[in-house]
Amino acid sequence: MASCNKKSNTYCSVYGCSTFYNSGSDISFHSLPKENTNKIKWINKNGTSQMIDRRQAWILRLRMDTVSLKKTQIKICSQHFVKEDFILPDFKVSRARLTREAVPSQNLPKLSITSKSPLKRKSPKKRFLSPSADELEVAKTCDFDLVIYPLHLHSESNLTDKSNYVEDNVISQEMATQIVTVTSADAQVQVTSGAIFVPFVSLIDTSKKLNTMTGIPTFEILNQIIYLFSKEYPDTRCHRLSIKERLILVFIKLKQDLSFAVLAILFKAVSGETCRALYNSFIPLLANILRPLIYWPSKTEIISNNMPRCFKNFIETRVVLDCTEISVQSPKCLSCRIKLYSNYKGTYTFKFLVGISPGGLITYISKPYGGRASDKIIFEQSGLVNKMSKFDAVMVDKGFLIDTICDSQSIKVIRPPFLRNKKKFTKEESLLTKNIAKARVHIERINQRLKTFKILQNKFPWAHAHLMDDIMTIIGGICNLCVPIFGEDKFNDV
């Protein structure tokens, strides 16, 4: 009696494999591994080794797409494995089992989907090379030379009019001129629509537009940044955007704080996720290039010809200090929320210590601190005392209670006097407060210039908190390249 081999609807899900289950066959079927069961060693396209999920390794090896993965029953036959992938391969068992490291390696698909590419449509120029029969007939009936443009008239009214003119075999010169005019206008639209791509950066053609969009004052500075960036970080692969376009994209994000979706619309060649990745990778590189613009000048540089007249009573001043706060999104971590909450602002903030020279140049920007940190603690941890010499002076506001720290290094603190238990200031104290405020107001102008970049005006995203230090360095460097806050007439005569 002949044995009956049972068949079922179970089949191999690998593209190009036509194996079905048969009880009389030695071929076994195996399901996809579950997610996060175990990790295996994987060699990626770059040739480097990494640990990935076993299920993901099967998907990559078998070239499965999202449509295939939606199926409820996904089975892989044993013809895609080698003998060493099975447990007890030399013994005949009722149900073959794979090892925990087994990955398909035999009879792999070359492509998951094969389809013929669609026929390419003719370009608009080739599509409308010859005039219609109606247009030629109208031209023959004219009493003057009529130039027929190589385009069809798509308007129903125009088609009706032309057929009437052909039947009557009469046409006036005015109507013929009108047909030619309409045809010419339509020809321009048909030939050029969809064929012209204007890069967004080409619209930024003046220094005013450049400053508005990016915060960079002139094209000379932009070209120099592009040159330095290309020299330090040359491209190692092809990109859809040039280095100039990528740098402008990053600076537009800093200046205008546009979303990545909007940037993807402006720069049509990339997606929003590409803009995000480009932004995250370019910020540290730009910070390395612009960091030398924020430097600590020598005492000779400050005193010689760079001391404004408003500092004539404070010529020993080496630096003017103030703290500025940037609003940030509420983090999920409770400890971070405690450190970031600012009682002064009533919200979560990053706090920076900013120092400028008497001439208005940014000479120091601290690391970001939480809004809870006091001005005294930030100054103490900044190490600015070690950068100054004996008998130098530092100008601060009343929030900097740093007398003890500065006295230990013989550094003078220039600060408005406190009223304390007095009813009013003396005449000398009032004049001192006035002179200090007149000189110190310029660091407030610097803080205002920093916050012309809207990324510092709006609530800063917590997901980009790791970029905050580099962003402040970039913006501070660009501010140092802008027009000085002091005019030439504000300095002492040489």
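I begin with the largest nonpolar core of this predicted model, which has 73 residues. The residues with the most contacts inside that core are Ile225, Phe251, Leu254, Phe267, Tyr279, Phe350 and Ile471. Helix H11, covering residues 272-290, supplies the largest share of the core, namely nine residues.

Let us take Tyr279 as an example. Setting aside residues up to four places away in sequence, Tyr279 touches Val250, Lys253, Leu254, Phe260, Ile455, His464, Leu467 and Ile471. Two of these partners, Leu254 and Ile471, were also named among the residues with the most contacts inside the core.

There is also a second, separate core of 21 residues, and its members include Val14, Trp58, Ile74 and Phe86. As general background, nonpolar side chains in soluble globular proteins tend to be buried together.

I now turn to a polar residue, Asn480, which lies in helix H19, residues 468-481. Is Asn480 buried or exposed? Its relative accessibility is 17%, and because the cut-off for burial is under 20%, Asn480 counts as buried. A polar atom of the Asn480 side chain lies 3.0 Å from the backbone oxygen of Leu293. Beyond its neighbours within four places in sequence, Asn480 is in contact with Leu293, Ile294, Leu361 and Ile362.

Finally, the protein as a whole. Its secondary structure comprises 19 helices and 13 strands. Of its 494 residues, 39% are buried. Among contacts with a separation of 6 or more, 60% join residues 24 or more positions apart.

Notes. Residues are numbered from 1 along each chain as its sequence is written. This is a predicted model: local features need pLDDT of at least 70, side-chain atom pairs count only at pLDDT 80 or more; totals for chains, interfaces and linings use all residues. Side-chain values use heavy atoms; hydrogens and water are left out. Helices (H or I, at least four residues) and strands (E, at least two) are DSSP runs, numbered from the N terminus. Buried means under 20% relative accessible area, exposed over 50%, partly exposed in between (1.4 Å probe, protein chains only). A polar contact is a pair of N or O atoms within 3.5 Å; within protein, one must be able to donate a hydrogen and the other to accept it, and residues adjacent in sequence count only if both atoms are side-chain atoms. Contact means heavy atoms within 4.5 Å. A nonpolar core is a set of buried Ala, Val, Leu, Ile, Met, Phe, Trp, Tyr and Cys residues joined through side-chain atoms within 4.5 Å.
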